[in-house]
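Work through these exercises on pockets and their linings. Keep the structure open beside the text.

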Amino acid sequence: ARLNDKDLALERLKWASLKEQHQLEYYKALAGRDLAAAKVFSEQANQAAAELRLLEQQLERARIAAPFDGIVVSGDLSQSLGAPVARGDVLFEVAPLNSYRVMLDVDERDIGALAVGQPGTLVLNALPDQDLPFTVEKITPVSIAREGINYFRVEASLLEPSERLRPGMEGYGKVEADRRHLLWIWTHPIIDWLRLWAWKWTP
């Protein structure tokens, strides 16, 4: 992407002409042996040169290039051509196509069974016929609330990325935490709830 740099280009022309003018005045003052005036024009020429360097840097930043190859996942600015932007505004979000990060939302009741390094399998809604193995990389200490349930964000990395993957895909992930009896799996949410309820009302 490239920002509109017409104003910066005009400003650069102005300071370039001022620099040349001050340098000519400096040489004239030297020829006339007016050292005081020569010093003034020399300082003005240096100031114009500093402004030129600043404008050159700003013109270079007017061209926006991603540091890696990827796909634009957000930032369609076709409807806002010519609109002003401020420093810090997010113009585009680019995601790489050769490296993906899996974000799992884990119920707070199950977060205690997870640990870094555990393997798992991901199945995406768009690719239900393909199992994608992953490994748990990081368990964030921050929870998010959604639909009355607290979830923890767990980061994982894919072991075998597929060429069919695209940023923003959603699905379901299963982590191999431990081996338990089916009866425990079916009943432990109720048992945990009863334990909390009993602890809450026990004096």
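**Exercise 1.** What volume does the largest pocket have? Find which residues lie nearest its centre.

*Solution.* The model is predicted. Start with the space: the volume of the largest pocket is about 1,500 Å³. Next, take the lining, which holds 40 residues. Nearest the centre lie Met-103, Leu-104, Asp-105, Tyr-172 and Gly-173.

**Exercise 2.** Which elements give two or more residues to the lining of the largest pocket? State which of them gives the most.

*Solution.* List the strands: E2 (93–96), E3 (101–107), E4 (119–124), E6 (149–158) and E7 (171–175).

**Exercise 3.** How do the lining residues of the largest pocket divide into nonpolar, polar and charged?

*Solution.* Sort by class. The nonpolar class has 20 residues. The charged class has 13. Seven residues are polar.

**Exercise 4.** Describe the second largest pocket: its space, its lining and the residues nearest its centre.

*Solution.* The space in this pocket is about 850 Å³. Its lining counts 25 residues. Leu-3, Ala-62, Ile-64, Val-85 and Leu-91 lie nearest the centre.

**Exercise 5.** Which elements give two or more residues to the lining of the second largest pocket? Give the classes of its lining residues too.

*Solution.* Two helices qualify: H1 (6–31) and H2 (35–61). H1 supplies the largest share, three residues. By class, 13 lining residues are nonpolar, seven are charged and five are polar.

Note on methods. Residues are numbered from 1 along each chain as its sequence is written. This is a predicted model: local features need pLDDT of at least 70, side-chain atom pairs count only at pLDDT 80 or more; totals for chains, interfaces and linings use all residues. Side-chain values use heavy atoms; hydrogens and water are left out. On a 1 Å grid over the protein atoms alone, a cavity is a set of points where a 1.4 Å probe fits but cannot get out, and a pocket is an open set with protein on both sides within 12 Å along at least five of seven lines; lining residues have an atom within 4 Å of a point. Grid points are joined across faces, edges and corners, and a volume is the space filled by probe spheres set on the points. Helices (H or I, at least four residues) and strands (E, at least two) are DSSP runs, numbered from the N terminus. Ala, Val, Leu, Ile, Met, Phe, Trp, Tyr, Cys and Pro count as nonpolar, Asp, Glu, Lys and Arg as charged, and the others, Gly among them, as polar.
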